[in-house]
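Student: I would like to learn how to read side-chain contacts and strand pairing in a model. Can we work through a case?

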Amino acid sequence: MKRKFLSLAGMILASLACGLSNPATSAQPAVETIVAATMLALTTSVTSAPPAPTLQSGVPVSVSGINLVIPSALGSDVNSETISEITEESGAPWEVAPAHTKLHLVGYPLQAKFFEPIIMVYPAAEFEALSVGAVQSLAKLRVVLASPSAPLTIDSIPGIPTFNAGQVFVSNMLVISFQNGSGVRALTQYAQYRAPANNFELSYQYQGLTSDGKYYVIAILPVNIAFLAADDKPDAAVPTDGIPIPASGPDESYYTAVLQKLNGTSPDAFSPSLLQLDALIQSINIISQ
């Protein structure tokens, strides 16, 4: 992900230097504010939920206290990685996080996308103690979980606290539970500018919290849909049934049209199916250590 976020960081941060007194606490909010300022229409909530996903057969996995079942359409196994604590001395300010577990899905159907298919589990209290971004994201998540039937918007759902970029748009939002917790999923795209919707960067994002509040679950899984361009390059062709990108670049009306089309698309039309991704999330069970 550093390809885009960090290559643009110098240009973005230079233009914002007067307003960023503390990068560790304001990098992500500043970017989100800039993006959101021109996208007031992107607070559209989901008006109808897709069919409830059901648990199904697949590959059972148990590693580091994390149990899940991978639907056969999503992969065959996971590679587990224990990530050491990241401080401001060992990483960028926005990367600060406690030691956590990262699961890489093996055999995931989409490869070589902007994000790799991963599920991460963090100790929630330790993350909040280290990261202002985590405090903000978990605060939003708790509000959503306290009122799961309330409308979901780009402003109400949390962003990934370790990303130095904002959510350009958010669609297909839905609160779903896993075996011992609950959270919110959405389709989204991160950038430091008004990027066009595209299949290289589009991802299924899930953020959840175990019922005891101890563990913060984040899943980032690439997803494609036929009517989006392959990537965000200027010469990338938009399919005939896609949303044309204005000559001057994406604007509010463009994103509104994209969201309407994404929200109106059947969950099974996506690759992988959103129902398969939901089923993977629903299968998660985290054992307290």
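Student: Which side chains does the polar contact of 3.3 Å join?

Tutor: A polar contact is a pair of N or O atoms within 3.5 Å. In this predicted model, the side chains of Gln189 and Glu201 form such a contact at 3.3 Å. The Gln189 side chain also reaches a backbone atom, the oxygen of Pro196, at 2.9 Å.

Student: Where is Gln189 found, and is Gln189 buried or exposed?

Tutor: Gln189 belongs to strand E7, which covers residues 181-191. Burial is read from relative accessible area, and under 20% is called buried. The value for Gln189 is 0%, so Gln189 is buried.

Student: Which residues does Gln189 touch, leaving out those up to four places away in sequence?

Tutor: Among them are Gly166, Gln167, Val168 and Phe169. For a distance along the chain and in space, take Tyr204: 15 residues separate Gln189 from Tyr204 in sequence, and their C-alpha atoms are 8.9 Å apart.

Student: Now the strands. In what order do the 3 strands of the open sheet stand?

Tutor: The order is E1-E2-E10, with antiparallel pairing. E2, residues 66-71, pairs with E10 over 2 bridges. Within this pair, Asn67 stands opposite Asn285 of E10.

Student: Why is one side of E1 and of E10 left without a neighbour in the sheet?

Tutor: Strands E1 (58-63) and E10 (285-286) stand at the edges and have a single partner strand each, so one side of each has no neighbour in the sheet.

Definitions and conventions: Residues numbered from 1 in each chain as written. Predicted model: local features only at pLDDT ≥ 70, side-chain atom pairs only at ≥ 80, totals over all residues. Heavy atoms only, no water. Pairing = 2+ DSSP bridges. Helix = DSSP H or I, 4+ residues; strand = E, 2+ residues; numbered from the N terminus. Buried < 20%, exposed > 50% of the residue type's maximum accessible area, 1.4 Å probe, protein only. Contact = heavy atoms within 4.5 Å. Polar contact = N/O pair within 3.5 Å; in protein donor to acceptor, adjacent residues only side chain to side chain.
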